[in-house]
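Please look at the sequence and the 3D structure together before reading on.

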Amino acid sequence: MHSTLISACLAAAIAVPARAKIPSCVTDSDLAILAGAHVVYSWPTTVQPPANLVQLVRNGVVGGVILFGENVGAGTADALASLQANYSSSPAGAVFQKYFRSNGPLFITTDQEGGQVRRIKSGGPTLTAKQIGASADPAAAGSTAGQQAAAALIGDNFNSNLAPVLDVYRQEKDFIDYFQRSYGNTSAVVSAAATAYIKAQQAAGIPATAKHFPGLGSATHQQDTDAAPVTLTLPLEEIRAIDEVPYNSAIAAGVDLVMASWAVYPAMDTVPSGLSSKWIRQELRTRLGFPGVTITDALEAGSLTPFGDLPTVSVMAAKAGMDMLLASQRNVTQGEVVRSALIDAVRSGEVEWTDFVASTKRILALRSRMQ
Ligand SMILES: *[C@@H]1O[C@H](CO)[C@@H](O)[C@H](O)[C@H]1NC(C)=O
Ligand SMILES: *[C@@H]1O[C@H](CO)[C@@H](O)[C@H](O)[C@H]1NC(C)=O
Ligand SMILES: *[C@@H]1O[C@H](CO)[C@@H](O)[C@H](O)[C@H]1NC(C)=O
């Protein structure tokens with residue numbers, strides 16, 4: 001029987017331990033969708049997604065979308081409901097069922113941190129992370145902020161959040177303190193507020209993202225990874241004793257996603273954390289025991305220019321263990337370039353089939369719990 005043949009092939013295709021190379025039974029159209037699950041797309045200026053993005057979503061090859069301030073307005077809830085409907089009528093669901101007996105909605109996200117850094121201006125949290133950390137009870141204030149973020153996101157049909165920030169700032173007005181995005185200058189305050197935020201937001205059904213691993217708290221005001229290469233030269237002992245501490249409690253609390261930083265930490269590696277297998281596979285997954293989904297920061301970031309062009313850094317990130325790749329240039333073509341690069345790398349074996357399957361499985365395990 002046809003279905004038995006397909007199952008036997010797929011059983012071999014996703015067997016553990018499986019092979020490095022893609023099995024011949026995986027069709028081009030299936031791979032287009034499986035690779036798409038790894039890519040988060042963005043679009044320019046409007047609330048309505050452009051027709052070419054809607055068509056890609058309708059084809060099932062888009063894994064997620066990120067919206068910025070200019071994409072959020074009165075029509076956002078309807079636009080995202082419509083996009084989600086386009087995704088449900090795509091072939092993606094059948095492909096994920098076939099390979100993983102799993103499925104889930106399109107991943108729709110934004111940066112709803114708090115204070116100035118919140119894309120849904122009509123919703124909370126209005127307090128900055130710094131104000132929350134400085135309050136009499138940072139855990140209680142963090143919990144309220146997590147509930148407010150969830151309510152704002154749910155109201156506009158988002159289903160995830162690229163927050164909270166776990167960076168422990170070092171100096172007043174440094175990179176992460178400047179817009180008050182850090183809960184505080186001690187691991188204890190950041191852990192208390194951020195962990196409470198994560199628990200409250202996730203209890204309301206919105207996956208949270210702990211960022212920017214292993215920490216941007218030591219970056220000076222000028223050290224902006226969006227703009228230019230950033231190297232944070234501090235000892236591994238300090239990174240572990242200060243910056244990584246909030247990750248221990250966030251992971252213990254079951255945080256769904258971790259976003260890696262694009263800074264280089266010479267204490268561990270010569271490439272940015274999000275391109276580094278030492279940081280992602282060894283430190284985050286093995287040493288800290290994070291079982292969830294990893295997501296990159298913006299792939300168009302200026303900090304990546306020394307490491308290669310967009311296809312190159314996309315494949316480096318996937319090889320380092322990054323599950324979702326953030327094409328946030330407000331440019332649909334950028335997402336397509338990232339997806340093609342991943343497809344080529346899986347076909348050539350540069351990204352090992354086994355790793356690709358494990359990574360896709362993590363993404364779907366998360367999405368199957370999402371609304
Ligand atoms: C997307 O979904 C909306 C709402 O269901 C529908 O009106 C529209 O025709 C769909 N677009 C495509 C390209 O399928
Ligand atoms: C944190 O900031 C406060 C207020 O500026 C300061 O008194 C304290 O020494 C700082 N703590 C650390 C660990 O830097
Ligand atoms: C969109 O992304 C593509 C692929 O990276 C690039 O060639 C193009 O220049 C970008 N367009 C804009 C307007 O940035």
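This is a predicted model: local features need pLDDT of at least 70, side-chain atom pairs count only at pLDDT 80 or more; totals for chains, interfaces and linings use all residues.

Residues are numbered from 1 along each chain as its sequence is written, chains are lettered from A and ligands numbered from 1 in the order in which they are written, and side-chain values use heavy atoms, without hydrogens or water.

Around ligand 1 stand Val54, Arg58, Ser82, Ala85 and Asn86, each with a heavy atom within 4 Å of the ligand. Helix α4 (76-88) supplies the largest share of this shell, 3 residues, helices being DSSP runs of H or I with at least four residues, numbered from the N terminus. An oxygen atom of ligand 1 lies 2.2 Å from an N or O atom in the side chain of Asn86, and a polar side-chain atom of Ser82 is 3.5 Å from an oxygen atom of ligand 1.

Ligand 3 is surrounded by Leu310, Gln329, Asn331, Thr333, Gln334 and Val337, and helix α13 (residues 332-348) gives the most to its shell, with 3 residues. The side chain of Asn331 has an N or O atom 2.3 Å from an oxygen atom of ligand 3.

In helix α10 (residues 245-252), Pro246, Tyr247, Ala250 and Ile251 are buried, that is, under 20% relative accessible area with a 1.4 Å probe and protein chains only. Seen down the axis of α10, these buried residues fall within an arc of 130°, so they line one face of the helix, the arc being that of the directions from the helix axis to the C-beta atoms.

Methods: A polar contact is a pair of N or O atoms within 3.5 Å; within protein, one must be able to donate a hydrogen and the other to accept it, and residues adjacent in sequence count only if both atoms are side-chain atoms. Helices (H or I, at least four residues) and strands (E, at least two) are DSSP runs, numbered from the N terminus. Buried means under 20% relative accessible area, exposed over 50%, partly exposed in between (1.4 Å probe, protein chains only).
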